[in-house]
Amino acid sequence: MTMCEIEGDDDGFGLTIVDVGELYPKVFCLVKQITGKSTKEVKAILDAPDSVIIASGYYRELNFISRDLYEVGAKTKIILVDNERASVS
């Protein structure tokens with residue numbers, strides 16, 4: 001599993017997208033806004049769901065991001081990340 005580089009505090013939780021859903025363009029725009037990645041990189045993230053951590057941080061923050069993604073049709077999962085093993089892309 002790879003992790004997007006996100007600035008900020010982190011308490012060991014990560015957010016992944018499990019399923020993009022039917023509203024791909026809306027999910028695409030939101031993920032691009034969250035990650036700050038290029039169009040190509042966001043497409044790669046959404047083409048390989050559940051393999052990229054799109055955000056890491058405090059559980060509560062990730063819950064808010066997860067809610068926003070849910071509202072546009074995406075299914076997400078908050079996981080506990082072992083920072084020693086996660087590779088940063």
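1. Rings of Phe, Tyr and Trp (its six-membered ring) are taken to pair if their centres lie within 6.5 Å, and planes over 60 degrees apart make the pair edge-to-face. The model is a predicted one. Under this rule it has two aromatic pairs.

2. One of the pairs joins phenylalanine 13 and tyrosine 59. The ring centres are 5.2 Å apart and the planes stand at 70°, so the pair is classed as edge-to-face. Phenylalanine 13 belongs to strand E2 (residues 13–19) and tyrosine 59 to helix H3 (residues 59–71), so the pair ties together parts that are 46 residues apart in sequence.

3. For the chain as a whole, 34% of the 89 residues count as buried.

4. On the overall layout: the chain contains three helices and five strands. Read from the N terminus, the order of elements is β-β-α-α-β-α-β-β. Taking contacts between residues at least 6 apart in sequence, 77% join residues at least 24 apart.

5. Helix packing comes next. Two packed helices are described by the angle between their axes and the distance between the axes. For H1 (residues 24–35) and H3, the axes come within 9 Å and cross at roughly 160°. Angles over 145 degrees count as roughly antiparallel, and H1 and H3 are therefore roughly antiparallel to each other. The crossing of H1 past H3 is right-handed.

6. Which residues make the contact of H1 with H3? On the H1 side they are Val27, Leu30, Val31 and Ile34, and these meet Ile65, Asp68 and Leu69 of H3. By class, this contact has six nonpolar residues, no polar ones and one charged residue.

7. H1 also packs against helix H2 (residues 39–47), at an angle of about 120° and with the axes 10 Å apart. This crossing, too, is right-handed. From H1, the contact uses Tyr24, Val27, Phe28, Val31, Lys32 and Thr35; from H2, Thr39, Val42, Lys43, Leu46 and Asp47. The residues of the H1 contact with H2 divide into six nonpolar, two polar and three charged.

Definitions and conventions. Residues are numbered from 1 along each chain as its sequence is written. This is a predicted model: local features need pLDDT of at least 70, side-chain atom pairs count only at pLDDT 80 or more; totals for chains, interfaces and linings use all residues. Side-chain values use heavy atoms; hydrogens and water are left out. Rings of Phe, Tyr and Trp (its six-membered ring) pair if their centres lie within 6.5 Å; planes under 30 degrees apart count as stacked, over 60 as edge-to-face and the rest as tilted. Helices (H or I, at least four residues) and strands (E, at least two) are DSSP runs, numbered from the N terminus. Axes are lines fitted to C-alpha atoms, for helices over the stretch in contact, and angles run from 0 to 180 degrees between N-to-C directions. Angles under 35 degrees count as roughly parallel, over 145 as roughly antiparallel, 65 to 115 as roughly perpendicular and the rest as oblique. A crossing is left-handed if the near helix is turned anticlockwise from the far one by less than a right angle, and right-handed if clockwise. Contact means heavy atoms within 4.5 Å. Ala, Val, Leu, Ile, Met, Phe, Trp, Tyr, Cys and Pro count as nonpolar, Asp, Glu, Lys and Arg as charged, and the others, Gly among them, as polar. Buried means under 20% relative accessible area, exposed over 50%, partly exposed in between (1.4 Å probe, protein chains only).
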